[in-house]
Amino acid sequence: MSCNYKKTMVLVGLLGAFLVFFWYAQNHIFIRSKPNNLLLDMNGSDEGFNSIKAYTLYYALFYLLFMNMRLIKEETPFIVARKSRSHLFFIRAASILESAGWFALTISAVNLGLTYLFVDHETMANHHFYKATLLNGMALVLFYGWIGLLCKALEDRIHSFNIAVSVTYILVAFTFFSAEMMPWLPLPITDMRMYEGILIPQWNALEIMLVFARQLGLVIVFYLIGHVIFLKKDFIRHEN
């Protein structure tokens with residue numbers, strides 16, 4: 001249910017171009033001033049390219065559009081060709097997670113590549129930057145994965161792509177503002193501080209595993225909710 005490889009590469013290229021511009025806009029001050037905690041300043045959770053604000057208020061909407069442009073439209077002939085609705089939903093969910101993978105990979109590749117241009121390898125290795133990039137990318141796959149599953153579940157329920165995207169984005173943005181006002185709340189977005197947790201370092205192996213467990217749990221929850229809604233979906237009404 002995902003689009004062809006050529007279209008994916010075009011979308012990744014456009015996304016990458018935007019991210020390169022955004023990365024430099026966020027980090028050019030740090031590159032010039034060279035503070036002692038350069039890597040941490042460039043990858044902090046409060047402001048910047050890998051901030052919680054960026055993941056929710058900026059990237060989330062881009063991801064939802066990216067994901068939907070990659071998914072094949074579920075028209076009647078396509079549906080009839082599949083074994084069952086459960087099988088069809090599984091293919092869709094896999095495609096959503098695949099989109100999250102491409103999205104996370106693009107963010108990680110841009111951040112790693114541009115950081116390597118301005119920060120020496122020894123500094124990056126000594127501060128476990130490569131490890132942080134890998135783990136953060138894996139966490140992003142799950143984070144955007146459950147956001148995508150939530151969006152499609154809403155679309156199936158209310159039969160409107162535009163409203164589903166809008167509501168999903170508002171909900172994700174709401175978690176950001178809630179975390180800002182009430183930092184003690186255990187919200188999903190507070191897990192997305194992998195760079196800080198490793199670069200400072202703050203997190204041990206158990207805490208990192210809990211981050212993945214919570215995000216994976218959300219993927220499973222929204223998969224199950226989406227599956228129930230999908231089984232009851234009126235495809236003819238949705239097409240119209």
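## Buried tyrosines

Tyr 63 and Tyr 144 are both buried. The model is a predicted one. The chain holds 19 aromatic pairs under the pairing rule used here. Tyr 63 and Tyr 144 make one of them, with ring centres 5.3 Å apart. The angle between their planes is 40°, and the pair is classed as tilted.

What does this pair tie together? Tyr 63 sits in helix H3 (residues 52-70) and Tyr 144 in helix H7, so the pair joins parts that lie 81 residues apart in sequence.

## A phenylalanine pair

Phe 66 and Phe 103 form another tilted aromatic pair. Here the centre-to-centre distance is 5.9 Å, with 55° between the planes. Phe 66 belongs to helix H3, while Phe 103 belongs to helix H5 (residues 85-118). This pair links distant parts of the chain, 37 residues apart.

## The aromatic cluster

One aromatic cluster brings together Phe 18, Phe 22, Phe 49, Tyr 55, Tyr 58, Tyr 59 and Phe 62. Tyr 55 also takes part in the contacts of Asn 136.

## Asn 136

Asn 136 is located in helix H7. Its relative accessibility is 2%, so Asn 136 counts as buried. The cut-off for that class is under 20%.

Which residues touch Asn 136, once neighbours within four places in sequence are left aside? The contacts are Asn 50, Tyr 55, Met 194 and Tyr 195.

## The second largest pocket

The second largest pocket has a volume of about 170 Å³. Its lining includes Ser 45, Asp 46, Ile 52 and Ala 179. Glu 180, Pro 183, Thr 190 and Arg 193 also line the pocket.

How does the lining divide by class? There are 3 nonpolar, 2 polar and 3 charged residues.

## Confidence

Mean pLDDT over the chain is 90. A score of at least 70 is reached by 92% of the residues. Among the elements, helix H7 (residues 129-158) has the highest mean pLDDT, at 97.

Which element has the lowest mean pLDDT? That is helix H4 (residues 76-80), at 56.

Conventions: Residues are numbered from 1 along each chain as its sequence is written. This is a predicted model: local features need pLDDT of at least 70, side-chain atom pairs count only at pLDDT 80 or more; totals for chains, interfaces and linings use all residues. Side-chain values use heavy atoms; hydrogens and water are left out. pLDDT is the predictor's confidence in each residue, from 0 to 100. Helices (H or I, at least four residues) and strands (E, at least two) are DSSP runs, numbered from the N terminus. Rings of Phe, Tyr and Trp (its six-membered ring) pair if their centres lie within 6.5 Å; planes under 30 degrees apart count as stacked, over 60 as edge-to-face and the rest as tilted. Buried means under 20% relative accessible area, exposed over 50%, partly exposed in between (1.4 Å probe, protein chains only). On a 1 Å grid over the protein atoms alone, a cavity is a set of points where a 1.4 Å probe fits but cannot get out, and a pocket is an open set with protein on both sides within 12 Å along at least five of seven lines; lining residues have an atom within 4 Å of a point. Grid points are joined across faces, edges and corners, and a volume is the space filled by probe spheres set on the points. Ala, Val, Leu, Ile, Met, Phe, Trp, Tyr, Cys and Pro count as nonpolar, Asp, Glu, Lys and Arg as charged, and the others, Gly among them, as polar. Contact means heavy atoms within 4.5 Å.
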